[in-house]
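Welcome, and please take a moment to look over the model shown here. The report after it walks through the two chains step by step.

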Amino acid sequence: MSRGAARAVPLAPAVALLALFMLGPVVWSFYGSFTNTALTGPTAANPEWIGLGNYAGLLADPDFPKSLWLTVVFVFASAVVGQNVLGLALAGLLRSAVRPVRSIASTVVVAAWVLPEIVAAFAAYAFFHADGTLNAMLAGIGVTGPDWLYSTPMLAVVLANIWRGTAFSMMVYSAALAEVPPDLTEAAQLDGANGAQRLAWVTLPVIRRSISTNLMLTTLQTLSVFTLIYVMTGGGPGTDSSTLPILAYQEAFKFAQVGYGTAIATVMIVVGGVFSVIYIRALRPEVD
Amino acid sequence: MRTASSLTRVLAAPVTVALALPLAACGTGGSGSGDATITVAYQKFGNFTQADELFKNVKADYEEANPGITVELVPIEAAQNDYFTKLALMNRSPATAPDVMYEDTYMIKSDVEAGYLLPLDDYLAEWDEWDQFVDSAKQAGLGDDGRTYGVPMGTDTRGLWFNKDVLAEAGLPADWAPSSWDDILEAARAIKQSDPDVIPFNMYSGKPMGEASVMQGFEMLLYGTGDTLYEDGRWVLGSQGFVDSLEFIETVFSEGLAPTPQQALDTNIGNTVQAEWLPDGKVGIALDGSWLPGNWLESGVAPWPEWSEKIGTAAMPTQNGAAPGAVSMSGGWTLAVGAGTEVPDEAFEFVATALNRENSLWFDVANSQIAVRTDVAEDPEYTESNPTTGFFTDLVDVTHFRPATSDYPQVSNAIMVAMESVMTGQQTPEEAAAVYDETVAGIVGDEHTTQG
């Protein structure tokens, strides 16, 4: 027996569990997306294989391209830009902050992350509601705020997701920044590099694998955000904030079209895969 | 799926035989009177604990009367939509399918098509209390094949609620009774003129309120036009009544007689209307369900002891006052028996016990339901349970049930979309109706539609 095979033995239980609880549902969902399985009605009793019928239906459905676009906007604005940039900025700023400021600021940021998703969602709903906290504060300075959830639903859910998820990125980047060797930044400083140059040419390259990992995690997490949007806007008004998870839920459980819903879920896997490949390619380790 | 289920069947046969042999040896020999377990699935969520209480009582009575039979209660803690999902998932597998289930009239037709339910006609024919149930309510338990699959527990009706103070301010009588849509619009305009800060008329509209928009809002209009949604197994497209109903919605929203679209599209408007606007006189007239007083009782979410003096009711008129002059929509819940049950006799026996006179009376009063048994409807304990009970019980005569086929949820969604685009002024009623026609034809197929 080769050494390779022997080394695989300790991995076997983990692989088996993953196959059972991760791969299994994925494969079942993939299979389901080629059938007209429903929760009720005639096709619940006798689901049929309809090939690419669900995918053809998706392409013909005007809600789908819109939903796909909203999902990409949501992921890009709230995870890729919002959570990552803000998380990195906070981590950097807090490193040089005095101790009480650092403790208070990180507690506030982490609080949003510690909240259960449903509680965070209701808090965000109460904040952005027409008679909510935000408009009450704006009224205090003489500004009449719009009904955020109605007139700018995507902005509201993007801001809410940034608020909720930044803590995770901040913690990842705090850890990563602590690992940057101080002699590297000091050397750059002696060579006359200013703050922005040190960040761009020293710090970011050193922590790029943390960036890659963090981007991937926040993207995949944001891609599957459901509760936050569902509670805040229900995907509306109309379908103006229906991202793919909301659309999939509506089709699978509100209209009982499980097959069609799983086709949308399959598209989500593809979207997640595309983002992941981009990260891995763009931030591939060159020399180490 | 298919391979999995045939595998189950192959395995199930010898396993069942192996299990059945020792069981048969232990059994006392009586068929149907031996040891058996009946599982009963129902919803228990938030304030809704009445079904739980009912079934706990029935379980005790039933087990005492039928020694050897165990009733296993399976409360499903989920909101309405998730309850359907969980119940459907339970029904999909023979291992978890319940013997008796608390089943929405709205789901019966599609669950029959899915093969989840057992026809009860043979049992009902022998049940001497079945003729106590009113005919319109029996309809709600029918499958598309004309057989009965659910025994109704109670129903609900819909009509106009109004705040008498607000109407008095606008010079309208305390016994206001509109006889056409125009009467409603006139009253609403009068209220707007007397106090511009009051919302004259509320009807639910658009997607956030979901089925409430369609049933309490749109269908209360459409079924009063003489047109209908579904006829002889086909969906009616291009009807004048559909356009007229959307026109009414356009009128109330564009003239500012209804809440602003922002308010109307808030997911919580239902609670706001019932708990704040009507009691505070911020809304004049509201098109809503018979269960509203449940909120205002001592035990409700917004106790309001004076409601019976402040609030008036009127039937929703038909479009131009055509016979029968009023219209209502009904839903409600039934008890149904699972198609795969191994103890159908016992399961029906349980249903009959749970819905006898005494238990129906208790459930209808406790859950603010409209009675479907004539002996309950006449009982003073029921008629005196709240001052509007009599009014809403009478509406059962003019009520309609939704065409709850398996396509209905998607058709209902298309109606919400049409309502929303009209109320926000994005489309004219004709344009929205044309989009609806196209959407529905796409959902059900041209061969299942007819021109109205």
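Which residue in strand 15 of chain B is the bridge partner of Trp235(B)? The partner is Thr449(B). Before going further, a word on the ground rules: residues are numbered from 1 along each chain as its sequence is written, while chains are lettered from A and ligands numbered from 1 in the order in which they are written. This is a predicted model, where local features need pLDDT of at least 70, side-chain atom pairs count only at pLDDT 80 or more, and totals for chains, interfaces and linings use all residues.

**A sheet of chain B and its helix**

Trp235(B) and Thr449(B) are bridge partners in an open sheet of chain B with three strands in the order 7-8-15 and mixed pairing. Strand 7 (230–231) and strand 15 (449–451) of chain B each have a single partner strand and stand at the edges, so one side of each lacks a neighbour in the sheet. Two strands count as paired if DSSP finds at least two bridges between them. Helices (H or I, at least four residues) and strands (E, at least two) are DSSP runs, numbered from the N terminus. Strand 8 (residues 234–237) and strand 15 of chain B run parallel and are joined by three bridges. Helix 21 (residues 429–444) of chain B lies across these two strands, at about 165° to strand 8 of chain B. Such axes are lines fitted to C-alpha atoms, for helices over the stretch in contact, and the angles run from 0 to 180 degrees between N-to-C directions.

Elsewhere, strand 4 (residues 150–154) of chain B is mostly covered, with five of its five residues buried. Here, buried means that 20 or more other C-beta atoms lie within 10 Å of a residue's own; a residue is exposed at 12 or fewer and partly exposed in between, with C-beta atoms placed from the backbone.

| Strand pair (chain B) | Bridges | Direction | One residue pair |
|---|---|---|---|
| Strand 4 and strand 13 (residues 333–337) | four | antiparallel | Gly150(B) and Ala336(B) |

**Two domains in chain B**

Chain B is divided into domain 1 (35–156 + 331–401) and domain 2 (158–330 + 407–451), with bounds from an automatic or database domain assignment. Their centres, taken over C-alpha atoms, are separated by 29 Å. The contact takes 16 residues from domain 1 of chain B and 17 residues from domain 2 of chain B; two residues are in contact if their C-beta atoms, placed from the backbone, lie within 7 Å. On the side of domain 1 of chain B that touches domain 2 of chain B, helix 19 (389–394) and strand 14 (399–401) of chain B are the elements that give two or more residues.

**Where the chains meet**

How many residues of chain B are in contact with chain A? There are 19 residues of chain B in contact with 18 residues of chain A. Helix 3 (80–92), helix 4 (105–113) and helix 20 (408–423) of chain B each supply at least two residues of the side that touches chain A, and helix 4 of chain B has the largest share, four residues.

Nine of its nine residues are buried, so helix 4 of chain B is largely enclosed by the rest of the structure. Its buried residues pack against helix 3 (42–45) of chain A, and also against helix 3, strand 3 (100–104), strand 4, strand 13 and strand 14 of chain B. After helix 4 of chain B comes Gly115(B), whose phi is positive, near 80°.

**Chain A**

Chain A has 16 helices and zero strands. Its C-alpha atoms fill a box of roughly 75 × 75 × 30 Å along the principal axes, and buried residues make up 35% of its 288 residues.
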